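Please read the points below with the sequence and the model at hand.

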Amino acid sequence: MRRLVFTLLLVVVAVVTTGTAQAAGLSLPPLTGRVVDQAGILSSAAEQTLAAELQAHEQSTGQQVVVATVASLDERDIAEYGVELGRAWGIGQKDKNTGAILLVAPNERAVRIEVGYGLEGTLTDATSRLIIENVIRPQFRAGNMEAGIVTGVDAILAVLRGDPDAAPQPPRARAKDPGGFPVITVLIVIFVITRFMGRRRGVWPLVLGAPTVWRGGSRRGGGFGGGGGSFGGGGASGRW
Amino acid sequence: MLVRLLAVFFTVLALAGCDINAVPRLDEEVKASWSQVQNQYQRRADLIPNLVETVKGYAAHESQTLEAVIAARAKATSMQLPENVTQDPEAFRQFQENQAGLTSALARLMVVVEQYPNLKADQQFIALQSQLEGTENRIAVARKDYIATVQRYNTELRTFPGRFVAAVLYPDAKVKETFTASEAAQQAPAVKF
């Protein structure tokens, strides 16, 4: 008897899940953090600095910016891939769609700034193009993948913060990020405190930038998850 | 006991698969994604006057290509869309054809522009060109989303139990038109630096 109930339950689960399983046909890298270096072109130091910088940016503005390097675009246009990735990861706050992705495909020599619906007014197509042309591309051409990504992220964040002279300049020397460590410490403290207070839904969104929708797998990667934002094809692409 | 359990099981299964609100809900989704398609095409049309003016400043004697863009834009924007265009095969086909005409006219303009280095260096042109590229991208995304929602809607209308529900509760619901992905129409202007 018990076995029958169990079998029937399994059937129900199977029926219900077939619909959702079909949707995930594409092979996209999992969202393991704010910097997903699938192509392996970033040093771990740069990765950490970038992640801290992006986290600080989300703390102050609520905007989620992530960096993704992919080993392959699977024969797709980088613009198409960017939208798929952004939607699958749900980068940006839900309903506000304030997310952006710097997507780099070194094997296809293609780069794209994918901009969520909510940021299209600030990080316009023209601005994204200028960042790619003037900041990222010269570095990539010279073979400095890491410097291109780091200065590119700086330029994107400067534009998003609304700095008056954020118009992309040619590459500049980059100082060490002094603000990274305290921010991380504060976050760890908050993380530990909230953890001990118990996982109340009310606390988590404040800490992790309103991730109202937890997607599968996102919880493991250092606690970062997409907020459920969506993308509509804004931004610019470039090649080098 | 066993029979009763099975009866409950199948009722639950039938109810789970039989969402009586699916047809109107999907209908609204189709409407929303259709507005997005129109919105993006409109956005492209709005960019064109400025683009044409800027190109004229540098390449005045490419008037034939420019005229073609202006004419294609006029044709696309002058079309009066009927209220139920998504269920009207003729109007839908016409809409798609007009927009495809504008796409290819713009693509030709972008090829011609390649011969004018001064124009390509113009800041305003760069801005307009990146907006145009971005808009072509957004059109592609909006079309894809529209195709996906229409597919869900049409599937609901044509398969059991949605078909049965629609026949009883929503007799007005009709299968909707969708884009045929013609290669030429999908191609965004290829611009290389």
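Predicted model: local features only at pLDDT ≥ 70, side-chain atom pairs only at ≥ 80, totals over all residues.

1. Chain A, overall make-up. The secondary structure of chain A consists of seven helices and five strands. Followed from the N terminus, the elements of chain A come in the order α-β-α-β-α-β-β-α-α-α-α-β. Chain A has 240 residues, and 48% of them are buried. Among the contacts in chain A with a separation of 6 or more, 70% are between residues 24 or more positions apart.

2. Chain B, overall make-up. Chain B has eight helices and zero strands, so that its pattern along the sequence reads α-α-α-α-α-α-α-α. Of its 193 residues, 40% count as buried. For contacts in chain B between residues at least 6 apart in sequence, the share that joins residues at least 24 apart is 79%. The accessible surface of chain B is about 10,600 Å², with 57% belonging to carbon and sulfur atoms.

3. Helix packing between the chains. Helix α3 (residues 78–89) of chain A packs against helix α6 (residues 123–158) of chain B at an angle of about 55°, and the two axes are 10 Å apart. An angle from 65 to 115 degrees would count as roughly perpendicular and one under 35 as roughly parallel; α3(A) and α6(B) are therefore oblique to each other. Their crossing is right-handed. On the side of α3(A), the contact is made by A79(A), E80(A), V83(A), E84(A) and R87(A), and on the side of α6(B) by N137(B), V141(B), K144(B) and D145(B). Sorted by class, this contact of α3(A) with α6(B) has five charged, three nonpolar and one polar residues.

4. Helix packing within chain B. Helix α3 (residues 63–78) of chain B and helix α4 (residues 89–113) of chain B pack at an angle of about 160°, with 9 Å between their axes. Because angles over 145 degrees count as roughly antiparallel, α3(B) is roughly antiparallel to α4(B). The two helices cross in a left-handed manner. The residues of α3(B) in this contact include L66(B), V69(B) and A72(B), while those of α4(B) include L102(B), L106(B) and L109(B). The contact of α3(B) with α4(B) divides into ten nonpolar, four polar and three charged residues.

5. A buried valine in chain B. V52(B) belongs to helix α2 (residues 22–58) of chain B. Is V52(B) buried or exposed? Its relative accessible area is 3%, and V52(B) is therefore buried, the limit for this class being under 20%. Residues up to four places away in sequence aside, V52(B) touches L66(B), V69(B) and I70(B). V52(B) and V69(B) are 17 residues apart along the chain, and their C-alpha atoms are separated by 8.2 Å. L66(B) and V69(B) also take part in the contact of α3(B) with α4(B).

6. A buried glutamine in chain A. Q64(A) is placed in strand β2 (residues 64–69) of chain A. With 1% relative accessibility, Q64(A) counts as buried.

7. Backbone features to check. Most residues other than glycine have a negative phi, and most peptide bonds are trans. E75(A), in the loop between β2 and α3 of chain A, has a positive phi near 65°; at 83% relative accessibility this residue counts as exposed. R109(A), in the loop between β3 (99–105) and β4 (110–116) of chain A, has a positive phi near 50°. R109(A) counts as partly exposed, at 43% relative accessibility. In chain B, the peptide bond that joins F160(B) and P161(B) is cis, with omega about 5°. P161(B) is found in the loop between α6 and α7 (162–169) of chain B.

Methods:
Residues numbered from 1 in each chain as written. Chains lettered and ligands numbered in written order. Heavy atoms only, no water. Axes fitted to C-alpha atoms, helices over the stretch in contact; angles between N-to-C directions. Helix = DSSP H or I, 4+ residues; strand = E, 2+ residues; numbered from the N terminus. Left-handed = near helix turned anticlockwise from the far one by under 90°. Contact = heavy atoms within 4.5 Å. Nonpolar A, V, L, I, M, F, W, Y, C, P; charged D, E, K, R; others polar. Buried < 20%, exposed > 50% of the residue type's maximum accessible area, 1.4 Å probe, protein only. Areas by Shrake-Rupley, 256 points an atom, 1.4 Å probe, with all protein chains shown as cover.
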